[in-house]
Amino acid sequence: MQYSADGQSDGTATVQFPRPGFLASVFRDLGAGEDREPDGASTAGPGDGTTGDGTTGDGRSGNGASGDAPPDPGLDGPDGPGRPGSAEAGPDDAVAAHARAATLTHHRTLTVQAEHDRLADLLRRAALPVSAMDFESQLRHYQPRPYPADGPAAEAESEPRWEDFAPVEPPAADPESGPSRRLLDSGYQRELAQARLTHQRALREWRTRRAEAGNPAADESRRAHEAAEEARARVVREYNESLEECRRAYRLAEPAAVESLLERALAAAETTTQDLPAACRAVFRPLTRTAVLDLDLPPLDLVPSLTGYRLAPGGDIVPVPRPPADRATDYLRLVARLALRALQAADAVDTDEILAGVVLNGWLRDPATAEPLCLVSVDADRDALARTRLLPPGTPYEERDDEGVYADAEQDEALVRLRQLGAAVTPDPYDRAGVRPAAQAGATVPAAADLSANEFAQLVRDLLTRGGIARWSVRLRGPAGLVATGEGAPGSALPGRWVVWASRDTASIGVEQIETLAEAVGEESAERGLRLTTGRFADEVLDLTAGESHRHIHLIDGDGVRELAHTHLGLPVATGS
């Protein structure tokens with residue numbers, strides 16, 4: 001930049017050029033083509049007014065078109081920007097491309113790692129204990145709010161006195177002389193003036209409150225406040241009364257009340273994982289006093305399918321998939337925690353022990369398929385829930401050095417506890433391998449075939465216990481039925497020791513089963529045997545039990561089961577006979 005005599009810039013610039021032949025020597029040192037002449041380049045020597053680098057002596061380009069130098073083939077060519085004609089250009093571009101690919105590989109791996117961290121956090125939060133949402137915890141309490149104009153002692157408030165605001169007088173200069181005010185003490189005068197202002201303000205507010213005490217507007221404001229408080233108290237009282245009505249209905253095992261309480265508890269249990277879609281619905285069957293829970297399982301793509309990305313020798317970014325078994329195990333671990341949490345919520349809320357059992361079905365609902373797929377099903381009675389600790393003790397989620405973030409399915413405590421309840425769990429959710437639901441709730445009048453194994457056992461026990469058989473002991477139990485023993489009190493409708501064989505059948509019962517029951521009666525030293533079925537007996541069986549040798553064997557078919565349910569339970573049941 002050039003400057004004038006007064007030191008100011010005159011707007012012109014002076015360009016400093018390298019010495020002649022400098023660029024040519026640089027290109028020559030880099031190995032650029034020395035035999036080729038650039039297009040449009042001047043070949044004149046020093047005698048025609050040009051320098052060796054193609055510029056004129058006055059700083060202009062040798063072609064006379066502009067001040068810019070002509071393009072040089074060594075700066076841009078068919079091999080790309082830079083110096084494609086040089087031997088170093090190719091390795092430099094390869095190194096830059098490799099660096100970019102490595103950076104992209106790292107960022108993609110970090111994204112996959114974030115998905116793994118989110119899954120680990122969901123596993124931890126899904127295993128947190130839930131609080132019981134029973135009726136006591138839902139009660140509301142009314143706390144009255146005082147009127148804003150009323151202070152702590154509004155009625156006994158007296159007129160503010162100056163003695164309560166006056167500052168302490170300064171001591172006398174001479175200790176032996178009496179106290180005297182130092183009127184010229186500026187600090188004391190400031191304190192005295194501030195105290196007088198405070199006293200006057202307090203006195204004015206006191207007089208205003210006394211004047212408003214008999215003001216109609218103040219009385220109206222107080223009445224409005226008391227009306228609002230009365231309305232608040234009425235809302236709390238009505239809510240508690242309605243809650244007490246629900247509690248009475250719950251104790252009477254009314255389905256609407258039981259289902260409402262269960263769904264409140266299930267919704268409260270989901271607060272720790274609100275970002276995870278896992279809704280749960282409850283249906284209560286008063287016939288067997290069993291709650292059927294339908295749990296919506298999270299989508300399969302929630303579990304990461306990759307461990308990360310790696311950079312191949314050729315420069316391609318290659319995904320590294322996870323073993324399918326590990327991915328299936330992680331999904332089942334999450335499913336087990338969600339199922340245990342729902343079971344714990346249902347068990348914790350049932351403080352009055354209305355439920356005799358809980359059936360939980362975990363459904364995978366895929367929009368691409370019309371029918372949902374059941375991946376887990378649990379049929380647990382009250383005794384099993386009481387004996388089983390539903391959640392892992394201590395820290396629910398731990399990272400082990402030898403196993404990484406994810407543990408083996410056989411060592412996962414949630415899956416172990418779920419299998420202790422006799423749960424049916426899919427071996428591979430990603431292969432769409434479903435399980436048979438233990439029970440399904442849908443029809444208003446349940447059928448015997450729709451009941452779970454525990455439900456059918458509970459139904460038979462309730463029917464025969466109310467009929468007179470006590471000391472009920474189940475010996476064998478399966479999906480089709482059960483074998484149990486019991487004793488009836490003398491003088492009851494079913495006196496003596498009994499061997500009961502109850503089953504859900506679609507085919508007719510033959511003579512072979514009656515002979516087997518007769519043998520079991522002898523082995524148990526029982527007096528009578530009872531064969532109960534939801535189907536029918538063959539004519540040969542009726543003829544056999546009419547004989548003298550098998551009169552101690554009693555038969556109850558599907559029609560008899562319906563009559564017993566209506567007589568003893570007051571509820572209908574469809575036997576399918």
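Strand 5 (residues 306-311) and strand 6 (residues 317-321) pair in the antiparallel sense over five bridges, where strands are runs of at least two residues in DSSP state E, helices are runs of at least four in state H or I, and both are numbered from the N terminus. Two strands are taken to pair if DSSP finds at least two bridges between them. Within this pairing R310 stands opposite V318 in strand 6, and in the hairpin, which has five residues between the strands, G315 takes a positive phi near 100°. Strands of a sheet pair through backbone hydrogen bonds, either parallel or antiparallel.

The model is predicted, so that local features need pLDDT of at least 70 and side-chain atom pairs count only at pLDDT 80 or more, whereas totals for chains, interfaces and linings use all residues. Residues are numbered from 1 along each chain as its sequence is written, and side-chain values use heavy atoms, with hydrogens and water left out.

The protein has 13 helices and 14 strands. Of its 577 residues, 35% count as buried, a term that means under 20% relative accessible area, while exposed means over 50% and partly exposed lies in between (1.4 Å probe, protein chains only). Among contacts between residues at least 6 apart in sequence, 65% join residues at least 24 apart, contact being defined as heavy atoms within 4.5 Å.

Strand 7 (residues 357-364) is mostly covered, as eight of its eight residues are buried. Both of its faces are covered, with G357, V359, N361 and W363 buried on one side and V358, L360, G362 and L364 buried on the other. Strand 4 (residues 290-296) runs parallel to strand 7 and is joined to it by seven bridges, and T290 has G357 as its bridge partner in strand 7. With strand 8 (residues 373-381), strand 7 pairs in the antiparallel sense over eight bridges, and here G362 stands opposite V376 in strand 8.

A nonpolar core is a set of buried Ala, Val, Leu, Ile, Met, Phe, Trp, Tyr and Cys residues joined through side-chain atoms within 4.5 Å. The largest such core has 60 residues, of which L262, L293, Y331, L334, L360, V378 and L418 touch the most other members. Helix 7 (residues 324-349) gives the most to this core, with 13 residues. When residues up to four places away in sequence are not counted, V378 touches L343, V358, V359, L360, L418, L421 and A423.

Five strands form an open sheet in the order 10-11-12-13-14, and the pairing is mixed. The edge strands, each of which pairs on one side only, are strand 10 (469-477) and strand 14 (553-556). The twist averages 20° from one strand to the next; angles run from 0 to 180 degrees between N-to-C directions, and axes are lines fitted to C-alpha atoms, for helices over the stretch in contact. Strand 11 (residues 481-488) and strand 12 (residues 496-503) run antiparallel and are joined by eight bridges, with W501 in strand 12 as the bridge partner of V483. Helix 11 lies across strand 12, strand 13 (528-533) and strand 14, and runs at about 145° to strand 13.

Helix 11 (residues 511-523) also packs with helix 12 (residues 539-546) at an angle of about 35°, with their axes 9 Å apart. In this pair V511, I514 and E515 in helix 11 meet E540, V541, L544 and T545 in helix 12. E515 is partly exposed, with a relative accessible area of 31%, and it touches L544 and H550, not counting residues up to four places away in sequence. E515 and V541 are 26 residues apart in sequence and 9.7 Å apart in space, C-alpha to C-alpha.

Helix 10 (residues 453-467) and helix 13 (residues 558-569) pack at an angle of about 65°, with their axes 10 Å apart. In the contact between them, L459, D462, L463, R466 and G467 in helix 10 meet V561, L564, A565, H568 and L569 in helix 13. By class, this contact has six nonpolar, two polar and two charged residues, where Ala, Val, Leu, Ile, Met, Phe, Trp, Tyr, Cys and Pro count as nonpolar, Asp, Glu, Lys and Arg as charged, and the others, Gly among them, as polar.
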